[in-house]
Amino acid sequence: MEEKKEIVREYTNGEITIVWQPKLCIHSTFCWRESPEIFNPEKRPWVHASDISSEKIIKQIERCPSKALTYYYNGRKDENLKKTETPAVAEVQIEMVPNGPLMVTGHVKIINEKGEAAIRYNTTALCRCGGTKKPPYCDGTHVKIHFK
Ligand code: SF4
Ligand code: FES
């Protein structure tokens, strides 16, 4: 049977390319709430990068907990695909996303109910609605169940 091709979209400002994989998005809303001039779900295309600085784009992409948004420097795609993993910040921050997950920013060790540990970098979304199928992580279910 032929495998269904995954949707991957790319947008560039000339220096870097934003890679968007909708299937991975868990609807944390960080991107469009924090940088509406770049990410606007009401518009088509929903990503606008042409006159935005690479620094600003990268800063926002590093907030994406699901890696639905990544980036690479143009001409250096292979070596930069993992660029979203930045060094740990000294202070761990936990934010409540309205009607959504708990967002943990920083380098943390998460131990699940079986005692298995995972190290997470950058931003990690933890389920707050109780509906996730990938506990303790948010998988976007809060949107489907209209969590408030
Ligand atoms: S998971 Fe990433 S792409 Fe999806 S809304 Fe959140 S920041 Fe945006
Ligand atoms: S908060 Fe996102 S799945 Fe529960």
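A pocket is an open set of grid points with protein on both sides within 12 Å along at least five of seven lines, and its lining residues have an atom within 4 Å of a point. By this definition, the largest pocket of the predicted model is lined by 25 residues. Cys25, His27, Ser28, Thr29 and Trp32 lie nearest its centre. Two elements, α1 (30-34) and α4 (141-144), each give two or more residues to this lining. Helix α1 provides the largest share, with three residues. The volume of the largest pocket is about 410 Å³. Its lining comprises 14 nonpolar, eight polar and three charged residues.

The largest pocket is also the space taken by ligand 1. The residues around ligand 1 include the run Cys25, Ile26, His27, Ser28, Thr29, Phe30 and Cys31. Trp20 also belongs to this shell. Cys64, Ser66, Ala68 and Leu69 complete the set. By class, eight residues of the shell are nonpolar and four are polar. None is charged. The lining of the largest pocket, in contrast, has three charged residues.

The second largest pocket holds about 290 Å³ of space. Its lining consists of 13 residues. Leu24, Ile26, Ser66, Lys134 and Cys138 are the closest to its centre. Seven residues of this lining are nonpolar, two are polar and four are charged.

The protein chain has 148 residues, of which 39% count as buried. Four helices and eight strands make up its secondary structure elements. From the N terminus on, their order is β-β-α-α-β-α-β-β-β-β-β-α. Strand β2 (residues 16-20) and strand β3 run antiparallel and are joined by five bridges. Within this pair, Val19 of the chain stands opposite Thr70 in β3. Strand β3 (residues 69-73) is mostly covered, with four of its five residues buried.

Several backbone features stand out. Most residues other than glycine have a negative phi, and most peptide bonds are trans. Two peptide bonds are described here as exceptions. The bond from Arg44 to Pro45 is cis, with omega near -10°. Pro45 is found in the loop between α1 and α2 (54-61). A cis bond also joins Pro135 and Pro136, with omega about 5°. Pro136 is placed in the loop between β8 (123-126) and α4.

Positive phi values occur at Lys67 and at His146. Neither residue is a glycine. For Lys67, phi is near 70°. This residue is found in the loop between α2 and β3. Lys67 has a relative accessible area of 26%, so it counts as partly exposed. For His146, phi is about 55°. His146 lies in the segment after α4. Its relative accessible area is 62%, and His146 is therefore exposed, the cut-off being over 50%.

Conventions. Residues are numbered from 1 along each chain as its sequence is written. Chains are lettered from A and ligands numbered from 1 in the order in which they are written. This is a predicted model: local features need pLDDT of at least 70, side-chain atom pairs count only at pLDDT 80 or more; totals for chains, interfaces and linings use all residues. Side-chain values use heavy atoms; hydrogens and water are left out. A residue is near a molecule or strand if one of its heavy atoms lies within 4 Å of it. On a 1 Å grid over the protein atoms alone, a cavity is a set of points where a 1.4 Å probe fits but cannot get out, and a pocket is an open set with protein on both sides within 12 Å along at least five of seven lines; lining residues have an atom within 4 Å of a point. A molecule sits in a cavity or pocket if more than half of its atoms lie within 2 Å of its grid points. Ala, Val, Leu, Ile, Met, Phe, Trp, Tyr, Cys and Pro count as nonpolar, Asp, Glu, Lys and Arg as charged, and the others, Gly among them, as polar. Buried means under 20% relative accessible area, exposed over 50%, partly exposed in between (1.4 Å probe, protein chains only). Two strands pair if DSSP finds at least two bridges between them. Grid points are joined across faces, edges and corners, and a volume is the space filled by probe spheres set on the points.
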